[in-house]
Every structure is written in C-alpha cells, then in structure tokens.
Amino acid sequence: MAEPVFAPWTDPNEKPLIQFKGVTKRFGDFTAIDNLTQDIYAREFFALLGPSGCGKTTMMRMLAGFETPSEGQILIAGQDMSRVPPNKRAVNMMFQSYALFPHLTVFDNIAFGLKREGKPKDEIEARVAEMLRLTRLERFAQRKPHQISGGQRQRVALARSLAKAPKLLLLDEPLGALDAKLRQQTQFELVDIQEKTGTTFVIVTHDQEEAMTVASRVAVMDEGRIVQVATPSEIYEQPNSVYVADFIGEVNIINGVATPQGDGYDIAWAESQPPLHAQTTRGFSDGQSCHLAIRPEKISISTEEPETRNKVRGTVHDIAYLGNLSTYHVRVPGERIIKAQTANTRRLSRRALTWEDDVWLSWTDTAAVMLEE
Amino acid sequence: MKRFSAFNAVSLTLGFAFLYLPMIILVIYSFNASKLVTVWAGFSTRWYAELLQNEAFLDAAWVTIRVAVVSSTIATVLGTMAAYVLVRAGRFHGRTLFSGMIYAPLVMPEVITGLSLLLLFIGIGLDRGILTIILAHTTFSMCYVSVVVSSRLVSFDRSLEEAALDLGCTPFEAFRLVTLPIIAPAVISGWLLAFTLSLDDLVIASFTAGPSATTLPIKIFSAVRLGVSPEINALSTIMIGIVTLGVITASLVSKRASIRQQAEAQAAVRA
C-alpha cells in the first residue's frame, strides 16, 4: 500500500508553521529581501536555493531572530515574531561555521541549551545521551571540538541544535565544509534525522544537488525574491523561468518565435530551418518570442536521420566523457551549441561518434519547456 | 636555517648589553656588603634584611600593591567593555571619535595626564591619597587593556555569540558563558600589563599622590635624591623581579592561547 504523498502545501485546510507576509529587509540602500510572501508547513524540509547575495541567508537570519524585517511580518505558528528575541524563540540554528564552543566538550556543547532552560541534571544527561546516539557520537562526548574531525563536528552542531527539540531547525549551508563523498552520505543522514524527529527543517544552500536531494520543496531565489517554489522534480522538469531552468542543472536554451500549431506551438528558431514543435500549458500569442529549455539528457544523438518532428542537424564540436555519462557539444546552424547527453550503460560499447562527425539531434514534443521572455 | 655568524653574535651581545647591563649592575650591587654603592666588598643579603625593617618602604610597597591590584582590575573591566563596544557595536554615531579618544592616552605625555588629573582632583575637592592614585592609574592603563582585548575580539567568530543567543542565552549570559571564557587569555594579559604599568609608574603617581599615601617609585625617587643607598638597589631588584614575572606570565598566557587557537584553526582547515 502506498503512503499518502507528503504535500501539505496542496491542502487548503493545513495551517502553515511559518508565514512570511510582505517581508522586506533593507541594509542601508541595499534591498536584501523584496516584499516576500511565503508559507512553510510543519514537517517540511524546505530548501532556500540561490547564488550568494540572493537573500537566502537573510531570510534564515530573520527566522532565527538575528535580523528584523524592515517591513512586513513573520509569523511562526501564528505568532508575530517581530518583537521576539532569538533566545525566546522555539527555533534553533545550525551555523555554517558550526559555531561550536571551543572551550566546552562535545557533551557540554550539546547540553548548553538544555542547561539554559534550567532542566534537572538527569533529564539533561538523558537528552544529551539520546542526541549522541542519534548522531553516533557516543565515543566523543568528552572530546573538545578541535579534537574531532570535520564530519564529527558537523554532527555535534546538528545534535546541539536539535537537543532543545525546536519546532523549527534552520541549517545554514550545513554541509559546505565537508568533502563530496561525506556530503552525500550526510545528506541522507539529515533526511533520516528529519524524518525521525519530525522537526521542520529550513536549509540554506547554494548547492542545487544538495537542495534536490534533501528537500520536500525548493525555493529558488534571485535578488531578494523567490522565483519559484516547487518540489525538486517540478523545479527540474517544469521550471517557470529561464533563470530557474538555467540555475538548476544543465539546460539548452533556444530562442525563437512561437506560432500556434495543432496541439502546441511551432517555434521558428533559425533561418532556413524547419520550426521546432513543443507542447505547453502556458498560452502564447501568435508571433510572441519565447525560450525553449531542453535538458541535455532528453536529447538523443544519432548518425541516421530520426523519425521525430523535432530534429536538428549538426556536427560534433566537443565530447565530455564523465564516466557514467557522455556529453556531446553539437554545433548547429546559427553558430550555436546544443548539448546532448547519453548514459554509458555498456562498458565496452563502441562509441561511434567522434569529433567533427555529422549527427542528428532529436527530442519528443514534450521534452522541451516553453518559457516566456 | 642560517648559521649563527660572528656578526650576529656581536650584535646580539651589544643589543642585550645595552638593554640589560644597567639592571645587571643594579642587581649585583644589591648584594654588596659595603655601604658604598660603587665599591664591592663581598656578597651579602644584609640590605634585603634591612629593607624589611624599613617601615616607610614597607608602607609604600603595600600602597603600591593595593593601587596596582585595584586599578588594574577596574581598568580591565572598563577596558574590556570599551573594546567590546568598539569591536561589536558596528558603526554607531561618533565611533571613530570614541576609538580615537580611547587610544589617545597611549601617546599622551604622562606629565600632561598627571597634571590634568591633579587639576581635576583639586577642582572637585578630592583629597589626594590612595584613591586618587587608583583613579589616575585606572585612567591611563585602561587603554592598554582595551588595545589587548580588542585585538583578540577582532578575530573572535561572531557566530559563537549568535549560537549562544540561539540556544537561549540572554546577551549578558552569552558574554559571560561564551565570549568571556574564550577571550579570557587576552583579558588576563591585559590585567597583568595594567598591573605592571601601575607598579612602576612614577610621573602620574607623583602628581596624584598625597602626604597620606606614597608609592614605591616615588619613595625610591625621593630617596635617591639624598644619595643612592644599597637598600634602594635591593628594593629595585625586587621590583624588577615582580615586573619581569608579570610580563613573562602575560606573554606566556597570550602565547599559549594563540598556539591553541592556531591548532584549532589548523584542525578546522584539515576537516
């Protein structure tokens, strides 16, 4: 039996845990967050994704209480947070630098917040032991932060921020300091811990793979605004703008002019070339200029002319062999390059294509996403 | 590693001789058996023994130590607070003026500091005594403390304080439980610096001391005007000892702290 899909944002009766209402944050003349409205629901793993300077960290710091909005309101569980200082919020944060207290042991670091609450000693010890177990740090309880490895420090920081059982956990680039292998492994651990504890996580990252791996929903940000909020697969397959398409993964963008035709649109993209065809739910007027976004792995490459409607002739300009994948950079009419990707599913297959070969690129009518200017 | 050449050896010897020969002579003559300072008549500790009989010197020593302990403690509290505001509060109105004014006493001639304090104390009708010396010493040693502490605070990771706030500390608790323990070495070496500065100050103390309280440097200075006695040599030797101990401890404390910091930074880079 299939579990119901976790998607509280589709349920109109669900009350959001966090509400940004028309929030603007200015630092002097610089507008870091521009009139932003967004709901985040309980038990979500919400990722804020964007290049540096897009305002994602400011959003998180406003949730933690280190910054106050210049305009607008932030509500957590229905309560306006504008006058609540960081130490009075049921919100904890895991810092990018981990910010472990160097003069305290791992145990005391994790116990720090509990001691502030004035809990009885045995209760604190039990809770810290539980956190140590959860993050597999039992053996390091009495070490100081500089006596453990980076990955262990990351887990101490996580344990410390989870110890008080916050309603909301904020993670600021939590895996940025780890190497690629450890990062991947830790991503799954994070998801595991999030599911086990049932805490709402908001993560800030500039790493799109990380956001896609861990998040229930991803918000792509640019210059203080959220450009698109959607599940990872929607973000990837149905980007709402060239910015999102380009920011997440690799994409070919072809500019053209749309004309309604049958069940979709014909797009004229280069002189003396047959138009490309794409289907979309968006409405385009006759003669409107548009962008066609096609992921490289959705383009097939062949030496024979294919039977599909969308096909473009070109020559192989470059080949990037990545082990599991090969990416072909194909020069097509109009001096543009289109990338096509194939999975190297066989170990010893003869890779027939080489530089300067004439090839055909083709894709289905639904492979491309039509985007407005 | 370069070889230790003859040239290096000579310059080192000359340099150190220039710095320490006078003091070495003073220390040697403090163990002189003769009453004449410049004639060596065998080893003796009689001047140290006589020193212990000299009520006036012992009183002055006691005053000096009390002044040094109290003034350096007050200076450390005030200096740390000033450093914290300078480094943490960001750009507030008049910040540049404030920082300039805190560091000005470092370069202000002591005579002027002393004179202005004297005028102030007379103006407000405060009788000169141990209290006025303490106030004066606090004034000039506070800026040394704030220089030492602020240089440590500049490299202090701000997110540690934010983490403390995030985990439920009030701003004051965050300072007491996180910031202070971490910058403690700088605060301690600031205290030791203020302590030794107060211990050997003559100029400012002579402006602000009254008949009821005299510090050791004043006592020595006035005694020397009547002629150098071996007793003074003994006393000076003891003071050199105390100051040296203070300075060495201060530098050891800050050196150990910086070594540990480096080790932590390296560990962080490795990670």
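Residues are numbered from 1 along each chain as its sequence is written, and chains are lettered from A, with ligands numbered from 1, in the order in which they are written. Because the model is predicted, local features need pLDDT of at least 70 and side-chain atom pairs count only at pLDDT 80 or more, whereas totals for chains, interfaces and linings use all residues.

**Chain A as a whole**

Begin by selecting chain A, whose C-alpha atoms fill a box of roughly 80 × 50 × 50 Å along the principal axes. Chain A holds 8 helices and 20 strands; helices (H or I, at least four residues) and strands (E, at least two) are DSSP runs, numbered from the N terminus. Of its 373 residues, 39% count as buried. A residue is buried if 20 or more other C-beta atoms lie within 10 Å of its own, exposed if 12 or fewer, and partly exposed in between, with C-beta atoms placed from the backbone. Among contacts in chain A between residues at least 6 apart in sequence, 64% join residues at least 24 apart; two residues are in contact if their C-beta atoms, placed from the backbone, lie within 7 Å.

**The two domains of chain A**

Colour residues 8-245 as domain 1 and residues 250-371 as domain 2 of chain A; these bounds come from an automatic or database domain assignment. The C-alpha centres of the two domains lie 39 Å apart. Their contact takes 5 residues from domain 1 and 6 residues from domain 2. The domain 1 side of this contact has 3 nonpolar, 2 polar and no charged residues. Here Ala, Val, Leu, Ile, Met, Phe, Trp, Tyr, Cys and Pro count as nonpolar, Asp, Glu, Lys and Arg as charged, and the others, Gly among them, as polar.

Next select residues 18-248 of chain A, which an unreviewed UniProt entry annotates as "domain: ABC transporter". UniProt positions are given in the numbering used here, feature names are shortened, and annotations may be inferred rather than shown by experiment. This span is 36% helix and 26% strand, with its end C-alpha atoms 25 Å apart.

**Helix H5 of chain A**

Select residues 180-197 of chain A, the 18 residues of helix H5. Within H5(A), Gln187(A), Leu190(A) and Gln194(A) are buried. They cover an arc of only 65° around the axis and therefore lie on the same side of H5(A); the arc is that of the directions from the helix axis to the C-beta atoms. The cover over these buried residues includes strand E3 (45-49), strand E8 (200-205) and helix H6 (208-214) of chain A. On the face turned away from the buried side, show the exposed residues Lys181(A), Phe188(A), Asp192(A), Glu195(A) and Lys196(A). Just after H5(A), Gly198(A) takes a positive phi of about 70°.

**Where chain A meets chain B**

Now display both chains. Their contact takes 22 residues from chain A and 18 residues from chain B. On the chain A side, strand E6 (91-94), helix H2 (106-116) and helix H4 (150-162) are the elements that give two or more residues. H2(A) gives the most, with 3 residues. The chain A side divides into 10 nonpolar, 8 polar and 4 charged residues.

From chain B, select helix H7 (residues 158-166), where Glu162(B) lies. Glu162(B) counts as buried because it has 20 C-beta neighbours inside 10 Å. Neighbours within four places in sequence aside, Glu162(B) is in contact with Phe66(A) and Ala99(A). The buried residues of H7(B) pack against helix H1 (56-64) and E6 of chain A, together with helix H8 (171-199) of chain B.

Ala99(A) is buried, with 26 C-beta neighbours inside 10 Å. Its phi is positive, about 50°, although Ala99(A) is not a glycine. Most residues other than glycine have a negative phi.

**Annotated spans of chain B**

Finally, select residues 12-31 and 130-154 of chain B, which are among the spans that an unreviewed UniProt entry gives as "transmembrane region". Residues 12-31 are 95% helix and 0% strand, with end C-alpha atoms 27 Å apart. Residues 130-154 are 100% helix and 0% strand, with end C-alpha atoms 36 Å apart.

Terms used. Expected span 1.5 Å × (residues − 1).
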